[in-house]
Amino acid sequence: MPGKVVTITSGKGGVGKTTATANIGAALAAEGQRVVCIDADIGLRNLDVVLGLENRIVYDLVDVIEGRCRLRQAMIRDKRLPELYLIPAAQTRDKSAVSPSDMMRLCDELRQDHDWVLLDSPAGIERGFRNALAPANMVLVITNPEISAVRDADRIIGLVEAEEKGPARLILNRIKADMVKRGDMLSAEDVLELLAIELIGMVPDDENVVTSTNRGLPIVLDGKSRAGMAFRNIARRLAGESVPFLPMEEQGGFLGRLTRFIRPGGD
Amino acid sequence: MSSFLDRLFGRESKSAQTAKERMKLVLIHDRTDLSPAAMEALKDDLIAVISRYIEIDPAAVRIDMTQEGREQRLIADIPLSPVRRRRMGQT
């Protein structure tokens, strides 16, 4: 059975598309699934550094499309997760180097011997987004609980529907539980009511994402991180499993309170 | 300080609530591509057309956009002019 092409997109930049792509990909690969992550953000390559594979790039997406290398040569295999591959974006070209039909052809080939093809879409609603949307079997829209990100997510959801690629599912990223509790941040319920789409994951704001990204290690490989757990759960839901949603509060209990007492200001 | 007092006495709503209310309106207009000004023009046209057939009170006409899932619905509430109707009934 051919694999599924999943596009991760947001409209607004900086909400966590690349981090989500890297981590969902790593989580699926850790479960033994065969995964290819494609950085579709041509000219603004980043999935390579987030995955820690930047030093091994020889060929890129545009080289494959323009026939300068075979598909296999542009696929970088992750050392920690042997079932995880990356096809990096070209850094010195722009979106016009690739067309939606190029992406459809490429993804169709990759689907034949992989379970998942994850596409990290560029921000915006222009050519790069169209390239990333064209081959999608499923679309994940990621947003933050902030008005500009929610508004852009709504626009993207509408475009995904118009292209008959819907219904998109929502990842709500960087939720600050304490602010939600104070009534100073939109809650998951608020965002879902506004956007009226199905939720696939809620990811708490977690400093460990920054530190693990600094090191080029997917956060899902950190068994203790709550964001890592949230991304692992998204991967399982994507694969069709029914997984209950994590509460966004940090672990309470005596130990939790004690650690917070000992490390005030820590998470 | 005043905002602190406002909050203490519950006079100011929480910022998340404000954000949600603002977003509801913004999203409706984004999705329908209908600006508040265009909505007013639509209302005026609607009143003009209906008034050709039946007496209505233009000031009482309400037009709202509501949301059901991701579908938008235009709801018009047009009360008929009661005085005129009674008079017409007498003749």
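The structure is a predicted model, in which local features need pLDDT of at least 70 and side-chain atom pairs count only at pLDDT 80 or more, while totals for chains, interfaces and linings use all residues. Residues are numbered from 1 along each chain as its sequence is written, and chains are lettered from A and ligands numbered from 1 in the order in which they are written.

Chain A contains eleven helices and eight strands, where helices (H or I, at least four residues) and strands (E, at least two) are DSSP runs numbered from the N terminus. The radius of gyration of chain A, taken over C-alpha atoms, is 18 Å, close to the 18 Å that the globule rule (2.2 Å times the number of residues to the power 0.38) gives for 267 residues, so chain A is as compact as a globular protein of that length. The C-alpha trace of chain A spans about 60 × 40 × 35 Å along its principal axes. Of the 267 residues of chain A, 49% count as buried, a residue being buried if 20 or more other C-beta atoms lie within 10 Å of its own, exposed if 12 or fewer, and partly exposed in between, with C-beta atoms placed from the backbone. Among the contacts in chain A with a separation of 6 or more, 75% join residues 24 or more positions apart.

The eight strands of chain A form an open sheet of mixed pairing in the order β3-β4-β2-β5-β1-β6-β7-β8, two strands being paired if DSSP finds at least two bridges between them. At the edges stand β3 and β8 (198–204) of chain A, each with a single partner strand, so one side of each is left without a neighbour in the sheet. Strand β1 (residues 4–9) of chain A pairs in the parallel sense with strand β5 (residues 116–120) of chain A over five bridges, and T7(A) has L119(A) as its bridge partner in β5(A). In strand β3 (residues 76–77) of chain A lies R77(A), which counts as partly exposed with 13 C-beta neighbours inside 10 Å. Once its neighbours within four places in sequence are left aside, R77(A) is in contact with P82(A) and Y85(A); the C-alpha atoms of R77(A) and I87(A), ten residues apart in sequence, are 9.3 Å apart in space.

The buried residues of α6(A) are A149(A), V150(A), R151(A), D152(A), A153(A), D154(A), I156(A), I157(A) and V160(A). These buried residues pack against β1, α5 (127–133), β6 (138–143) and α8 of chain A, together with α2 (15–32) of chain B. Just after α6(A), E164(A) takes a positive phi of about 55°.

The contact between the chains takes 14 residues from chain A and 15 residues from chain B. On the side of chain A that touches chain B, α6 (147–162) and α8 (188–195) of chain A each supply at least two residues, and α6(A) gives the most, with six residues. The residues of this side of chain A divide into six nonpolar, three polar and five charged, with Ala, Val, Leu, Ile, Met, Phe, Trp, Tyr, Cys and Pro counted as nonpolar, Asp, Glu, Lys and Arg as charged, and the others, Gly among them, as polar.

Chain B has four helices and two strands, and its elements run α-α-α-β-β-α from the N terminus on. Of the 91 residues of chain B, 3% count as buried, and residues 24 or more positions apart account for 40% of the contacts in chain B with a separation of 6 or more. Helix α3 (residues 36–51) of chain B reaches 22 Å from its first C-alpha to its last, close to the 22 Å expected for its 16 residues at 1.5 Å a residue; the number of buried residues in α3(B) is zero, so α3(B) lies largely in the open. Strand β1 (residues 62–68) of chain B pairs with β2(B) in the antiparallel sense over seven bridges, and R62(B) has D77(B) as its bridge partner in β2(B). The two strands form a hairpin with two residues between them, and G69(B) in the turn has a positive phi of about 65°.

Note on methods:
Contact = placed C-beta atoms within 7 Å. Expected span 1.5 Å × (residues − 1).
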